[in-house]
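Have the structure open beside you as you read.

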Amino acid sequence: MTRRLIVMRHADSGHDYLNMRDHDRPLNARGQSEAPRMADALSERDWLPQLILVSSATRTLETLEGMSPYMDGARLDLRPEIYHADVSTLLIQLEGILGEGTSMILGHNPGSENLINHLTGEWHEMPTAAAALLVETPDGWIVEEVLRPREI
């Protein structure tokens with residue numbers, strides 16, 4: 001079986017909370033609708049992960065909750081280190097992904113875009129709730145497809 005990695009950015013979150021820490025910002029109405037739509041799209045393409053590494057930020061956890069009908073069978077690993085991580089930190093997080101099958105890292109930008117670029121040499125815009133499927137080949141990782149909510 002092939003090793004696959006889904007790099008996903010959290011769904012859209014609100015900026016209306018002036019006295020709230022960034023880490024605690026929730027999804028807004030758009031984000032609450034994006035998460036289940038993206039879960040449907042991942043399911044339709046057979047992209048469902050067996051392992052999910054997720055940031056501890058409220059917006060990533062709420063994104064995952066919105067996708068939960070499809071994610072119940074996945075092992076969840078809460079990783080506070082993913083919150084606003086740089087590429088080197090994200091690479092350390094990836095050391096624990098599955099040797100075969102599909103893993104997901106659910107985090108933030110610019111980390112999502114930078115991680116994809118580092119692993120594949122390609123640049124892909126990752127708006128909120130975007131998901132990129134990377135596949136490992138003998139020559140390294142390649143981007144198979146990128147899903148963005150406004151394009152599905």
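Six strands form an open sheet in the order β3-β2-β4-β1-β5-β6, with mixed pairing; strands here are DSSP E runs of at least two residues and helices are H or I runs of at least four, both numbered from the N terminus. Two strands count as paired if DSSP finds at least two bridges between them. At the edges sit β3 and β6, each of which pairs on one side only. From one strand to the next, the twist averages 20°; axes are lines fitted to C-alpha atoms, for helices over the stretch in contact, and angles between N-to-C directions run from 0 to 180 degrees.

A word on the model: it is predicted, so local features need pLDDT of at least 70 and side-chain atom pairs count only at pLDDT 80 or more, while totals for chains, interfaces and linings use all residues. Residues are numbered from 1 along each chain as its sequence is written, and side-chain values use heavy atoms, leaving out hydrogens and water.

Now look at β1. With β4 it runs parallel, joined by seven bridges, and Leu 5 has Ser 103 in β4 as its bridge partner. With β5, β1 runs antiparallel over five bridges, and here Met 8 stands opposite Ala 131 in β5.

Follow β5 (residues 131-137) onward. Five of its seven residues are buried, so the strand is largely enclosed by the rest of the structure; buried means under 20% relative accessible area, with a 1.4 Å probe and protein chains only. Leu 133 stands opposite Glu 145 in β6.

Next come the helices. In α2 (residues 58-66), the buried residues are Arg 59, Thr 60, Thr 63 and Leu 64. Viewed down the axis of α2, they fall within an arc of 140°, so they line one face of the helix; the arc is taken from the directions from the helix axis to the C-beta atoms. These buried residues pack against elements including α1 (29-44), β1 (3-9) and β4 (101-107), where contact means heavy atoms within 4.5 Å.

Helix α5 lies across β1, β4, β5 and β6, running at about 150° to β1. It also packs with α4 (residues 87-94) at an angle of about 75°, their axes 9 Å apart. The two are therefore roughly perpendicular, a term covering 65 to 115 degrees. Among the residues making this contact are Leu 90 of α4 and Leu 115 of α5.

Methods: Buried means under 20% relative accessible area, exposed over 50%, partly exposed in between (1.4 Å probe, protein chains only). Angles under 35 degrees count as roughly parallel, over 145 as roughly antiparallel, 65 to 115 as roughly perpendicular and the rest as oblique.
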